Amino acid sequence: MKIGRNDPCPCGSGLKYKHCCLGKKKPGTGGDLKDTYYRRHGIRLKNADDVEKIRRSGRLTVEILEMVARALRPGMTTEDINTLVHEHTIANGAIPAPLNYRGFPKSVCVSVNDEICHGIPGDRILEDGDIVNVDVTSILDGYYADANRTFFVGEPSADARKIVAVAQECLRRGLEMVKPGGTTGDIGWAIQTYAEGQGCSVVREFVGHGVGFEFHEPPQILHYGRRGGGIVLVPGMVFTIEPMINLGRRELYILDNHWTAVTEDGSLSAQFEQTCLVTPEGVEVLTPYPL
């Protein structure tokens, strides 16, 4: 990444490079930039050892999602999904991060149809034609990785196919914007532009986030916004991109369980999420599954 003396400093200070980090260590090599990002943004850049441990946690997270995909069928309950996730996580020496997180009572979030996110598993029976989002976060050897996918149960409707395809493409386009010198705003801009161009809407109340050392870290990754806005991306940043896309309007409400977000107009909602690393060359997905 070549930075001119008069370019904006990649540390996100808003100053020109010559008046800020010029003469300090280059972006992505640690040292002063690492300190600056933590001081200015609360962002803890990850080193190679950290990344490898997040990568291992990510492999387990994807393995769990693939296991759920094979098991899904009409007639199973959302609690059945929770049991699968919990038991496989524990069997692999990991911890399900959602369990007891701020009082969340289960090991996975399972959100069906018009539920946007944070669905609590229970006795709900999945029916033919449902779409179901399964959001898995694993803690392995103290490191977190976070990913989710929206699945079809049985034969989906045309509306279900559309919203799942749009949400998946939103994630893919968001990931394409991740590179050194880009910004968090570039990610949101790409997602919002595509989703709204397809006649869908972007949920704004929930965002992507830094991850790795903790479940939720800085920075927040908005799924809407202005290109060039936000924080400049530098190697070592690890965060999730997890657009929640509604077939109808973006407004929502929270159920009486104080967790589950539902579309206000009853329209379908879908989400895809991956944990990604900013590398010197661009981006590496640490929870890789095909998009």
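Reader: Let's start with a cysteine. Is C109 buried or exposed?
Author: This is a predicted model, to begin with. C109 counts as buried, because its relative accessibility is 9%, under the 20% cut-off.

Reader: And C117, buried or exposed?
Author: C117 is buried, because its relative accessibility is 3%, and buried means under 20%.

Reader: How many disulfides does the structure hold?
Author: The structure has 0 disulfides. C109 is in none; its nearest cysteine sulfur belongs to C117, 7.5 Å away. Likewise, C117 is in no disulfide, and its nearest cysteine sulfur is that of C109.

Reader: Why does 7.5 Å not count as a disulfide?
Author: The two sulfur atoms must be within 2.5 Å.

Reader: What is a disulfide, anyway?
Author: A covalent bond that joins the sulfur atoms of two cysteines.

Reader: New topic. Where is I245 found?
Author: I245 is in strand β10, which covers residues 244-246.

Reader: Buried or exposed?
Author: I245 is buried, because its relative accessible area is 0%, and the cut-off is under 20%.

Reader: Which residues does I245 contact, sequence neighbours aside?
Author: Leaving out those within four places in sequence, the contacts of I245 include I163, V166, A167 and C170. I191, A195, L268 and A270 are also among them.

Reader: How many residues separate I245 from I163 along the chain?
Author: They are 82 residues apart along the chain, while their C-alpha atoms are separated by 7.2 Å.

Reader: Okay, pockets. What volume does the largest one have?
Author: The largest pocket has a volume of about 550 Å³.

Reader: Which residues lie nearest its centre?
Author: Y101, H118, F206, H209 and H216 lie nearest the centre of the largest pocket. The whole lining has 24 residues.

Reader: Which classes are they from?
Author: The lining of the largest pocket has 10 nonpolar, 7 polar and 7 charged residues.

Reader: Last one. Where is T78, and what does it touch?
Author: T78 is in helix α3, residues 78-91. T78 is buried, with a relative accessible area of 3%. Not counting residues up to four places away in sequence, T78 touches V110, V112, I120, P121, G122, R124 and L126.

Definitions and conventions. Residues numbered from 1 in each chain as written. Predicted model: local features only at pLDDT ≥ 70, side-chain atom pairs only at ≥ 80, totals over all residues. Heavy atoms only, no water. Buried < 20%, exposed > 50% of the residue type's maximum accessible area, 1.4 Å probe, protein only. Helix = DSSP H or I, 4+ residues; strand = E, 2+ residues; numbered from the N terminus. Contact = heavy atoms within 4.5 Å. 1 Å grid on protein atoms, 1.4 Å probe; cavity = no way out; pocket = protein on both sides within 12 Å on 5 of 7 lines; lining within 4 Å. Points joined across faces, edges and corners; volume = space filled by probe spheres on them. Nonpolar A, V, L, I, M, F, W, Y, C, P; charged D, E, K, R; others polar.
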